[in-house]
Each structure stands twice: as C-alpha cells, then as structure tokens.
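Please consult the sequence and structure shown below while reading.

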Amino acid sequence: MIQRAACFSPGSVEKDWAILYAVGERLRANGEEVRYVPESLLSEDDQADVFLSMGRLPKTLDFLQRQPYNTLVINTAESILHSSRIALDTLMRERNIPVAPREGNCGYWIKRSDMGMHKMDDVVFAEDEATCMDYVSRMRRQGSEVLVTAHVQGAHVKFYRVRGTGFFFSLFPEPGPHIPFDMSALQRDADIVASAIGMQVYGGDCIVRDDGSYVIIDFNDWPSFASCRNEAAEAIASLVCQTE
C-alpha cells in the first residue's frame, strides 16, 4: 500500500490516508499480508505481488513501471502519467464527452496542469478575460502548463468510481437545488476516460445545468472517498480478490 506524498494532498492528507488504510485492513482481514509505505520512503526492497498505489512522485511511477508483467498495480503508473488536466481535457473532447467550453460570458477557471506538487492556488477563478490572461501569464512564468475553461452555471456534483466493480457514487456536496440528471450516462462517460488511460480507482466533479445536461470539470486518480469510504474500500479490495 503506497501512501501519497503530502505535497499532492493539500488539506486532505488524513482523508487520503484513511481510504488507503481502510482498503489495506480489509485485505488483511481476508488473510493478505499488507505493508504500508509512504512513497517518499519507497525503495527497491519493497517488492510485492500487488501494489495499491496513491503515489505520484516520478520515482514512484518509475518504480511501478519496472515491476514484472504479472504484478498487479492499481492505479498503474501509465494511468497517472496520462492524467494531467490538459491531457484529460483533450481526451474528453476527442471522445465527445461533455466538458466545459473554452469560451463563455460568466468568467473563466484557470487550472495548473502540472504533474508536480499541488498547491491551494492551482485552480483560480477570473471574472473577465483580462484577469484570466493575467493569471495565465503568472502561472506560465512559474513554469506551469495551464488549462483554461469557461465557467458553467449549474449544480456541482462529485462522483466516485471503482472501475471493474459495481461501485459508483455521486452526491451534491453543497446546499441548493438537486437537479435530476442521467447518472448512468455520467458513469459511462467517466469509464470511457478511465479505460482510455488504464485507471481503475478515480473520481471527479461535474456541473449539472438546469436542463439536466452536464459537463465534467475535473477527474482525479484515487480520491479520498470521504463521503463513501467504507463502500469504496470494499470495492477496491475486491479488485485484488478478483485476480486470485
């Protein structure tokens, strides 16, 4: 069980650890030998038949890519390497999956697309195009790749998925109207993205418009599953049992 480095979990270190531990203890209860390793301490001595990894450090991904072909890795290094915001936005547009438009008249979201450490100001909102371009220029001067999308008005929905199982969970995290929408279509679209990059444990965010249509605005590898931790842990643990 590879624990994600704190630099990738701003404000969520304890929640990220909680889901990893919940999965590990279910596997231990099933008779598996389980070890937890912070990715900063991962070494060549840490060999196993199965790696359940939240890691994102380059050395972690390199380590996982060098494992034997019959080693089970969830999530794979390749899936993480293909999950930058720009790469995912491009993939979804190519597959005709609904995403936020690039232009609009309700403001813009500016998002860093780096694979490096996450910061609290990775995602910022600009009310107008001039402010948007100022943020873009500032981030680029800092060496960041940047994704810009227009703001979409509607209700915010968070979703969580363990592909290869029946687990899919969504919720409206903020107070307000809960607009009906096609959750099966959202699951199908999210699975298309995950399948394309080889990811099994993931989550994301979407905006549901008043007419019930939605756009996916974020897609994350192995989220904390804070709203559905027990159910998610059972589903993730079952991925290991399926291979035995």
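## Valine 146 and its surroundings

In this predicted model, valine 146 makes contact with Ile86, Ile110, Lys111, Val136, Met139 and Arg140, when its neighbours within four places in sequence are left aside. The residue belongs to strand β7, which covers residues 146-150. Valine 146 counts as buried because its relative accessibility is 12%, and the limit for a buried residue is under 20%.

## Lysine 111

One of the contacts of valine 146 is Lys111, a residue of strand β5 (residues 108-112). Lysine 111 touches Arg85, Asp122, Val123, Glu145, Val146, Leu147 and Ile217, with residues up to four places away in sequence not counted.

Is lysine 111 buried or exposed? Lysine 111 is buried, yet it has no salt bridge. The nearest side chain of opposite charge is that of aspartate 218, 5.3 Å away; a salt bridge would require a distance within 4 Å. A polar atom of the lysine 111 side chain does, however, lie 2.7 Å from the backbone oxygen of isoleucine 217.

## Backbone geometry

Most residues other than glycine have a negative phi, and most peptide bonds are trans. The following residues depart from these patterns. The peptide bond leading from isoleucine 74 to asparagine 75 is cis, with omega near -10°. Asparagine 75 is located in the loop that joins β4 (72-74) and α3 (77-81).

Tryptophan 222 has a positive phi, near 40°, and is found in the loop between β11 (214-221) and α7 (229-242). Phenylalanine 225 lies in the loop between β11 and α7 and has a positive phi near 55°. Tryptophan 222 counts as buried because its relative accessibility is 0%. Phenylalanine 225 is likewise buried, with a relative accessible area of 0%.

## The second largest pocket

How many residues line the second largest pocket? The lining consists of 18 residues, and those nearest the centre of the pocket are Glu33, Val34, Ala48, Asp49 and Val50. Strand β3 (residues 50-52) gives the most to this lining, with three residues. The space within the second largest pocket is about 390 Å³.

Definitions and conventions:
Residues numbered from 1 in each chain as written. Predicted model: local features only at pLDDT ≥ 70, side-chain atom pairs only at ≥ 80, totals over all residues. Heavy atoms only, no water. Helix = DSSP H or I, 4+ residues; strand = E, 2+ residues; numbered from the N terminus. Buried < 20%, exposed > 50% of the residue type's maximum accessible area, 1.4 Å probe, protein only. Lys, Arg positive; Asp, Glu negative; His and termini not counted. Polar contact = N/O pair within 3.5 Å; in protein donor to acceptor, adjacent residues only side chain to side chain. Contact = heavy atoms within 4.5 Å. 1 Å grid on protein atoms, 1.4 Å probe; cavity = no way out; pocket = protein on both sides within 12 Å on 5 of 7 lines; lining within 4 Å. Points joined across faces, edges and corners; volume = space filled by probe spheres on them.
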